[in-house]
Amino acid sequence: MTFEQASLLILLSAMLVLFSLNRIRIEVVAIGGLLAGYLLRLYPADQVFAGFASPVVITVVEILLIVQVLARAKLFDSLAARFAAAGLSGFTVIASLSAVTGLISIFMNNIGAFAIMLPATLRISSVMDIPRRQLVMPISFAALLGGLVSLIGTPANLLVSDALAKATGSGFHFFDFAYVGLPVAIAGILLMAALVPHLFPETDDQPAAAAPARRRIVTERRIPEGSPLAGVRLLDCSSLFEIQPHALIRNGRFVFGPLDQSTIEAGDSLLAEGADAVFAGLAASAALVPEAHPNGLQADFTRIEAVVMPESTLVGSRIRSLEVFKSRSVRVAALSMRSPRIEGRFEDLQLSIGDILLLEGPREAVAEALEECECLPLASQPADEATSNAWQPFLIFAAGVTLSAVGPIRPEIAFAAVVLVLALMGYLNIRQAMADINWPIIIMLAAMIPIGSAVAATGTAQLVADWLSLLVPISMPLAGIALLLFIAMALTPFVNNATVAIVLSPVALEFAEAAHQAPAAYLIAVAAGASLDFLTPFGHHNNTLAMSIGSYRVSDFLRAGSPLAFASYFLTVLLVALIWL
């Protein structure tokens with residue numbers, strides 16, 4: 001093993017650990033790794049920032065710009081009324097919503113597809129009395145499955161196509177992934193539609209209409225005079241009132257001491273956690289009341305839930321610093337958060353991806369604030385007449401897809417033309433849209449490309465292939481493909497799928513050479529494995545958002561995702577062997 005190979009393996013291992021821990025921002029880890037690779041002389045200076053000019057990165061940026069236009073079109077807001085009028089069964093509703101989500105995901109990134117379908121899905125849950133737990137996870141998984149089908153469905157597909165082009169002179173065509181991805185997506189959607197009603201059944205004591213009220217929230221409320229909480233020990237709050245206290249504030253200061261010795265008094269403020277229905281009941285009985293909102297009596301006053309999206313400017317901010325809301329008289333009344341750490345007062349809580357805010361304030365002010373900070377409202381608003389039937393952006397995008405799929409034009413050029421036409425027609429403000437892009441993902445992707453190239457250039461990929469050949473006979477094509485798919489699926493719950501594709505693509509090329517096979521089959525396996533992420537809520541942002549919105553537990557993903565992961569694995573291996581070998 002050479003110094004370059006050893007240092008690269010150590011660098012990649014350290015980066016993968018840091019990515020999985022999610023303690024340091026992914027773009028910081030990626031740039032740090034990029035500069036460390038240069039200092040270790042893994043690539044020359046002129047290659048350090050070559051990833052930012054990569055066609056893969058450019059295409060991803062273009063797709064993200066286009067998605068912003070398509071998301072505003074609200075083309076699918078009418079689905080709720082149509083589904084309710086049709087009187088469909090639960091299986092049919094789940095399968096149909098998942099199929100539409102998967103179809104959208106074929107032509108845009110997975111998060112965009114999920115975000116477009118989520119408001120309509122929640123509206124259908126409310127109108128048809130179907131528990132949202134039966135709908136949210138399936139559309140999250142369907143978005144991941146739909147990404148398997150096309151070249152632009154996920155960055156992993158673009159990356160393996162780029163690796164194939166560098167190795168053979170020609171990358172994958174637009175729908176080459178569909179030979180494997182489409183059957184896997186259809187089978188996965190049908191499997192989820194059949195399993196989910198049994199995994200998350202509607203029970204007698206928890207009717208479907210009440211499903212959204214089971215979310216746990218954190219909020220700070222005041223103890224009024226005459227409250228039954230006055231005189232109660234903090235230790236007894238859980239058993240008597242079904243809330244978990246985290247802090248007691250009296251005269252603006254914390255009351256410290258053991259829970260069995262701290263007693264609540266009238267006039268105190270209590271930071272507590274519990275089901276939102278419990279807090280609603282305590283407020284109705286004047287036991288634990290929120291501060292009155294100054295706009296609460298106005299006709300346009302509203303309360304709305306919104307989820308913190310991956311690209312939101314709120315990620316990492318504390319509630320007290322959210323000027324985007326304060327400047328518009330919008331208040332964060334409660335928070336459903338992923339982090340188990342609750343310290344200080346309510347305004348000290350730090351936001352992360354997937355957290356759900358309960359906002360109060362004037363309707364237009366709330367809408368403006370959510371648009372500015374890139375948070376997604378969890379309610380389907382009445383569609384704008386000017387945009388609800390705006391087919392033009394979809395037709396323009398379809399033309400770009402067609403040019404890329406059947407024409408001689410490369411994807412990055414075809415979608416650049418789509419961006420230009422949308423801008424000229426007034427659908428896209430490029431300056432504003434560029435500011436709204438999820439740049440950490442773009443920076444991470446661009447920074448990882450030179451490191452991935454070094455895996456092949458330094459012979460590290462061949463070294464890893466030689467090591468794996470001691471465990472599995474990779475000279476047998478089926479064994480090599482099965483192993484690559486397994487490794488990709490094992491890594492992707494903990495590491496961004498683009499990183500998985502970048503790291504494993506050179507290894508896949510070495511596997512193909514050892515088996516004397518064309519590399520396309522091996523790269524297809526890598527791309528599929530990088531996107532088959534169903535076992536954890538933290539591997540992909542879609543699952544993170546689904547966990548918060550659907551009030552799932554980690555074990556729910558294991559229960560629902562395990563059958564889907566196993567079925568997808570074996571079906572993918574079979575299809576790759578039949579079609580690509």
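Colleague: Hi! Where does glutamate 412 sit?

Modeller: Glutamate 412 is part of helix H16, which covers residues 411-424. Keep in mind that this is a predicted model.

Colleague: Noted. Is glutamate 412 buried or exposed?

Modeller: Glutamate 412 counts as buried, because its relative accessibility is 13% and the cut-off for buried is under 20%.

Colleague: What does its side chain make a polar contact with?

Modeller: With the side chain of arginine 410, at 2.6 Å.

Colleague: And which residues does glutamate 412 touch, leaving out those up to four places away in sequence?

Modeller: Those would be Pro55, Ile58, Thr59 and Glu62.

Colleague: OK, let's zoom out. How many helices and strands are there in the protein?

Modeller: The protein has 24 helices and eight strands.

Colleague: What about its radius of gyration?

Modeller: The radius of gyration is 25 Å. A compact globule of 581 residues would come out near 25 Å, so the protein agrees with that.

Colleague: What box do the C-alpha atoms fill?

Modeller: Along the principal axes, the box is roughly 80 × 55 × 45 Å.

Colleague: How much of the protein is buried?

Modeller: Of the 581 residues, 54% are buried. As for the surface, the protein exposes about 24700 Å², with 61% of that supplied by carbon and sulfur atoms.

Colleague: And the contacts, what share joins residues 24 or more positions apart?

Modeller: Taking contacts with a separation of 6 or more, 78% are between residues 24 or more positions apart.

Colleague: Switching to charges: how many positive and negative ones are there?

Modeller: There are 32 positive and 44 negative charges, and their mean positions lie 4 Å apart.

Colleague: Why does aspartate 129 count as partly exposed?

Modeller: Because its relative accessibility is 43%, which falls between the 20% limit for buried and the 50% limit for exposed.

Colleague: What about serine 329, what is its phi?

Modeller: Serine 329 has a positive phi too, about 60 degrees, although it is not a glycine. You'll find serine 329 in the loop between helix H12 (323-326) and strand E6 (331-336). With 38% relative accessibility, serine 329 counts as partly exposed.

Key. Residues are numbered from 1 along each chain as its sequence is written. This is a predicted model: local features need pLDDT of at least 70, side-chain atom pairs count only at pLDDT 80 or more; totals for chains, interfaces and linings use all residues. Side-chain values use heavy atoms; hydrogens and water are left out. Helices (H or I, at least four residues) and strands (E, at least two) are DSSP runs, numbered from the N terminus. The radius of gyration is taken over C-alpha atoms; the globule rule is 2.2 Å times the number of residues to the power 0.38. Buried means under 20% relative accessible area, exposed over 50%, partly exposed in between (1.4 Å probe, protein chains only). Contact means heavy atoms within 4.5 Å. Accessible areas come from the Shrake-Rupley method with a 1.4 Å probe; for residues, only the protein chains shown count as cover. Lys and Arg count as positive and Asp and Glu as negative; His and the chain ends are not counted. The place of a charge is taken as NZ of Lys, CZ of Arg, CG of Asp or CD of Glu. A polar contact is a pair of N or O atoms within 3.5 Å; within protein, one must be able to donate a hydrogen and the other to accept it, and residues adjacent in sequence count only if both atoms are side-chain atoms.
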